[in-house]
Amino acid sequence: MSRDPLVEVENLEKHYPITEGLLKKQVGTVRAVDGVSFDIGRGETVGLVGESGCGKSTAATSMLRLEEPTGGTVRFDGEDITEYDDAALKRFRRRAQMIFQDPSSSFDPRMSIGESVAEPLRIHGLNDRTRRRAVVEDLLERVGLSASDADRYPHEFSGGQKQRVAVARALSVNPDFILADEPVSALDVSIQADVLSLLDDVQSEFGLSFLLISHDMGVVRQVCDRVNVMYLGEIVESGPTEEVFGNPQHPYTKALLSSIPRPDPRKRGRGIELTGDVPDPSNPPDGCRFHTRCPAVIPPEGLAVAQETWRSLLDLRSRAARGDLDPGALADAADEPSPTPALVREAFDLPDPLPDGEAEATLAAALETAADGDVAAAGERLVEAFPTPCARQAPERRRVSPDHEATCHLHDPDLAPDHGDAYGIGVAEND
Amino acid sequence: MATDSRPDTFDSVDWDRVEADTGGVPVVAVVEALTFLAFGAALAYDYLIVPEGEPTVLDWDVTAVEWLFVAVLLLGLFHVVVPLARSRRMTAYYWRQFRKNRLAVASLGYLGVLLVIGVLGPAIWAAPNETISYAEAYAPPIFIGGDLASLDHALGTDAQGRHLWHLIVYGIRVSFEVGLIAMTLAITIGTIVGAVAAYFGGYVDEVLMRYVDIQQTFPVFILLLLLIYLYGASLFLIILLYGVFGWEGTARLVRSEALQRTEEAYSRAAEAAGASKLWVVRRHIIPNVSSTVITAATLSIPVFILGEAALSFLGFGDPGTFSWGRTINAGRSDIDSAWWISTIPGLFLFLTVLAFNFVGDALRDAIDPRSDSG
């Protein structure tokens, strides 16, 4: 790429150890951020979206070194900030500012708004009170408050006003880059738009680079030039906002997009529903991390069932393989004396029989085994009979158009020559 | 900046030049340092140059407790009065909150008057022992009337004819010395231990907090009796022991508050803006913990005052001071014939303890951030 990005994040990792006992023996790792890479150009607004718990806030705090990243590099203006010592880090923090989610707790209740806005100035050594006051009054007016508000205290302001003050505070040291972590999600919808347009104005007036972190696709669409979609510690799709919104190339992005409420009732479809929660980041699924919830998982060759049935079959398969299936409990819930295959079939919404004869035979046998109490054996049989590349190997990042990348097996011509067509996802070249 | 008459805006600040600017020391800090330097010099003069047993200035022989009391009052001036006067808006806001409690305002007024009398009174009214006059013993207060009642000793006299008012004035001095000095000691130690435990965490935290547990179970009263037996009773010793063994509660409070404050978004915001850990502790954690500390401090004063009065009542007090506890005890045997000797100092003690409690409660309501929702 010919662009000269201001921030380059490469393979950023933040793993938290899980320790146990007195000796703090490490028994596991939470992979909150697991190899994330993206760039932010000068004067560009980049979005980072994903469900809560996907690691986007951790990515933000570790890229500013508020928490030490456990791997990867972050280059700011060409320099690797992960190598910085304290003095250099302080200089970097003047150039990169942050806006926090909760405006009510991000201001010290004992400091007037003026003192809070001036705090970064003081930290960076501007000791002249009158100069600080002049900067603060000018800033407050720029963000739509009045200069006299400097003497008021945080509790005298509304959430939206406080978030404006937060913008003023972030601007106070004239940074090049502002990271906004869910800047509007704590605000009323009517106020969100005001604050977003303030961010937009500030960004274009001063040519700042912005990283906007949000779970709300609507917010991202309104202000971002480019979007990175994050799932379980990884980026699954990135590209220019119009392309990602107009032609999403990852089933997860599609699901997120269908969650934006539409004002037109005729266009309101059923949308794509994601079942289940985000999996535990201390034990991410093998293969593609999204395969446990993906509506477009690639089926085994020759399996002649509908995609929804295949999805249900896969749910059954992974639950059984994890040992997380209890036919006895299903029987109790249905007031049956003993577990039967039909109950399990019903619980997973599987038709009886499956249209595919061979698959039906395997499924019936596995359900029989499970009903007899041997869930593990049933799981093994299902895994063997219904293989999918999505659970077996991690997808590679592929380029779907010059500036648009996605990480999904549907783009792999060897694995899914035409399966993705039904989802508007075509095969792509390897990156 | 002198070169440019336009007011500064955030994008006109030249950061390369600012970073070279080291800044100066605030004026108040200089004045405070000079004051304490003068205090140290006076202390050295009293202990090194003035001969033992001679008065320090005029006829006033400043005792160790009085030196400490002066130091505490100076500390209060620089760290309570000056900050309150400097941030008027904040002060006005808290005063509006505090004023809602009428009883506390009255209590504050009462304590203020008492403090002035306690500090200046001994210079106006003679020491009780100089008023001994057996001819005037057991004189009732003037509002009771009687042959001996006189305006000269309006509150009556005790068994030796000492004026009760003089006993009370000197008792105020003792009570305030005990309350304020012991409180300052306890709060200082407690805040440092609590903040250090919260800030360093890990083993430091573990060791300090387990020590606090041990100290809390330690019978201070028995140690006090032992020390009084060994060295004789002195007010200095009593104050020191109360201060040094009375900080566990504060340490716990400060630690838990400080732990909470470090997690607050404003602490993170300061860190993200480039602040050092020390900056965050000084500018955000301590000021936000201070409301809890101030309340705890105010409420600990009456406990110390009552403790000293109880010791004196039991006869373990400093025989050289005129503690209210001692006066109450002395009047105990004459309670049926001269009830005022015990009752009037008792009333003062009661009102003073009550007033400190009212003020402490009102302060908590006024400044505790948990009670004002943002």
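Residues are numbered from 1 along each chain as its sequence is written, and chains are lettered from A, with ligands numbered from 1, in the order in which they are written. In this predicted model local features need pLDDT of at least 70 and side-chain atom pairs count only at pLDDT 80 or more, while totals for chains, interfaces and linings use all residues; side-chain values use heavy atoms, leaving out hydrogens and water.

**View 1. Chain B is built from 14 helices and zero strands.**
Helices here are DSSP runs of H or I with at least four residues, strands are runs of E with at least two, and both are numbered from the N terminus. Along the principal axes, the C-alpha atoms of chain B fill a box of roughly 85 × 50 × 50 Å. Of the 374 residues in chain B, 43% are buried; buried means under 20% relative accessible area, exposed means over 50%, and partly exposed lies in between (1.4 Å probe, protein chains only). Counting contacts in chain B with a separation of 6 or more, 71% join residues 24 or more positions apart, where a contact means heavy atoms within 4.5 Å.

Residues 65–82 of chain B are 100% helix and 0% strand, with end C-alpha atoms 24 Å apart. Residues 337–360 of chain B are 88% helix and 0% strand, and here the end C-alpha atoms lie 38 Å apart.

Look for B:Phe10, B:Trp15 and B:Arg89, which supply 21% of the area that chain B buries against chain A, more than any other three residues.

**View 2. Nine residue pairs are in polar contact between chain B and chain A (both residues at pLDDT 80 or more).**
A polar contact is a pair of N or O atoms within 3.5 Å; within protein, one must be able to donate a hydrogen and the other to accept it, and residues adjacent in sequence count only if both atoms are side-chain atoms. Across this interface the rule finds zero salt bridges, a salt bridge being a side-chain nitrogen of Lys or Arg within 4 Å of a carboxyl oxygen of Asp or Glu.

**View 3. In chain A, A:Glu51 and A:Arg293 meet in a salt bridge (3.1 Å, N to O).**
A:Glu51 sits in the loop between β3 (45–49) and α1 (56–63) of chain A and A:Arg293 in the loop between α9 (251–257) and α10 (307–322) of chain A, so the pair ties together parts that are 242 residues apart in sequence. A:Glu51 is partly exposed at 21% relative accessibility, whereas A:Arg293 is buried at 5%. Over all chains, the count comes to 32 salt bridges.

**View 4. In chain B, B:Arg255 and B:Asp205 meet in a salt bridge (2.7 Å, N to O).**
This pair links distant parts of the chain, with B:Arg255 in helix α10 (residues 248–263) and B:Asp205 in helix α7 (residues 202–216) of chain B, 50 residues apart. B:Arg255 is partly exposed, with a relative accessible area of 22%, and B:Asp205 is buried, with 12%.

**View 5. Helix α3 (residues 113–123) of chain A is largely enclosed by the rest of the structure.**
Nine of the 11 residues of this helix are buried, among them A:Ile113, A:Val117 and A:Leu121. Just after α3(A), A:Gly125 takes a positive phi of about 95°.

Definitions and conventions. Buried area is the accessible area (1.4 Å probe) that two parts lose on being put together, summed over both.
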